[in-house]
Amino acid sequence: MSTVGGAPVPEAAGGSGAMAGGAMAGQVRALLRAANALLQQRRYRAALAVIKGFRNGAVYGAKIRAPHALVMTFLFKSGSLREKLKSIAQATYAHSRNLAYFVFTYKGLMAAQSRLQGKKIPFHSFLAACIGGWLVFGENNPINSQIIMYLLSRILFGLSRLAVEKGYIPQPRQDPFPLVAALVWGTVLWLFEYHRQTLQPSLQSSMTYLYEDSEVWHDLSDFLIYNKRTDSK
């Protein structure tokens with residue numbers, strides 16, 4: 001506090017606030033420099049990769065599940081807007097969490113095995129993923145079921161291509177995809193018509209909308225505009 005003619009004069013509050021803000025900004029910049037320096041340390045690379053893997057798993061899971069849950073919920077689920085939004089949020093969180101946990105577990109086990117054996121071998125990947133799959137995706141629920149079926153279809157295609165590349169299966173003379181498409185659609189519609197309970201619930205809902213709801217209408221409104229009439233006509 002300064003004085004004028006012997007009388008105390010308070011200092012401007014804005015000046016002290018600016019000084020405090022400048023000090024805070026300096027601390028933040030120093031913290032960022034320290035963090036960036038840490039990220040460049042090679043000895044911490046494996047641990048940092050595990051952390052970033054957790055981050056990427058959470059982000060990717062949310063980006064994949066949110067739009068899918070949004071569409072499926074508003075197309076096939078009944079209830080209030082609040083209930084639908086809650087369902088979307090819960091599905092998105094579950095997918096995001098599980099994928100983050102799995103990537104964290106997988107990369108952590110990969111780093112541990114590599115450190116213990118001094119090198120990386122193919123079996124490490126299989127073992128780490130098996131343990132992660134058991135721990136994270138072992139519960140039989142709708143989210144995990146969809147993820148496992150998604151992976152299974154791609155695994156079958158991948159193993160088929162690998163078998164051809166390794167010479168275990170002769171190279172087809174013609175593209176086998178038309179035959180595969182025919183068998184897949186033939187099988188799934190047969191299951192839907194006669195063994196519906198064996199199909200996953202969301203697939204049942206989709207097929208009901210396509211193949212059964214198209215058999216029902218009362219007038220032009222629920223023939224072209226809406227799928228089902230909601231009034232009491």
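This is a short tour of a predicted model, stop by stop, with something to select at each one.

**Stop 1: helix 4**

Select residues 122–137. This is helix 4, and it has 16 residues. From the first C-alpha to the last it reaches 22 Å. That is close to the 22 Å expected at 1.5 Å a residue.

Now color the buried residues of helix 4: His124, Ala128, Gly132, Val136 and Phe137. Where do they sit around the axis? They cover an arc of only 130 degrees, which puts them on the same side of helix 4. An α-helix has 3.6 residues a turn, so residues three or four places apart point the same way.

Show the neighbors next. The buried residues of helix 4 pack against helix 3, residues 81–117, and against helix 5.

The face turned away from the buried side carries Pro122, Phe126 and Trp134. These three residues are exposed.

**Stop 2: Thr92 in helix 3**

Stay with helix 3 and select Thr92, which lies in it. Is Thr92 buried or exposed? Its relative accessibility is 14%, and it counts as buried because the cut-off for buried is under 20%. Leave aside residues up to four places away in sequence, and Thr92 touches Ala62, Arg65 and Ala66. Select those residues with Thr92 to see the contacts.

**Stop 3: helix 5**

Move on to residues 142–166, which form helix 5. Pick Arg161 in this helix. Arg161 counts as exposed, with 52% relative accessibility.

Phe157 is partly exposed, with a relative accessible area of 37%. It leads to the next stop.

**Stop 4: a nonpolar surface patch**

Show the surface and select Phe157, Phe177, Val180, Val184, Trp185, Tyr209, Leu210 and Tyr211. Together they make a nonpolar patch of about 770 Å². Which elements give two or more residues to it? They are helix 6, residues 177–194, and helix 7, residues 201–212. Helix 6 gives the most, with 4 residues.

**Stop 5: Glu193 and Thr208**

Remain on helix 6 and select Glu193, which is found there. At 46% relative accessibility, Glu193 counts as partly exposed. Glu193 and Thr208 are 15 residues apart in sequence. In space they are 10.0 Å apart, C-alpha to C-alpha.

**Stop 6: the salt bridge**

How many salt bridges does the model have? The count comes to 1. Select Glu212 and Arg196 and show their side chains. Glu212 forms a salt bridge with Arg196, and the closest N and O atoms are 2.4 Å apart. What does the pair tie together? Glu212 lies in helix 7, while Arg196 lies in the loop between helix 6 and helix 7, so the pair ties together parts that are 16 residues apart in sequence.

Check the exposure of both partners. Glu212 is partly exposed, with a relative accessible area of 33%. Arg196 is partly exposed too, with a relative accessible area of 24%. The tour ends here.

Notes. Residues numbered from 1 in each chain as written. Predicted model: local features only at pLDDT ≥ 70, side-chain atom pairs only at ≥ 80, totals over all residues. Heavy atoms only, no water. Patch = residues over 30% accessible without salt bridge, like charges linked within 9 Å, V, L, I, M, F, W, Y side chains within 5 Å. Areas by Shrake-Rupley, 256 points an atom, 1.4 Å probe, with all protein chains shown as cover. Salt bridge = Lys/Arg side-chain N within 4 Å of Asp/Glu carboxyl O. Buried < 20%, exposed > 50% of the residue type's maximum accessible area, 1.4 Å probe, protein only. Expected span 1.5 Å × (residues − 1). Arc of directions from axis to C-beta. Contact = heavy atoms within 4.5 Å.
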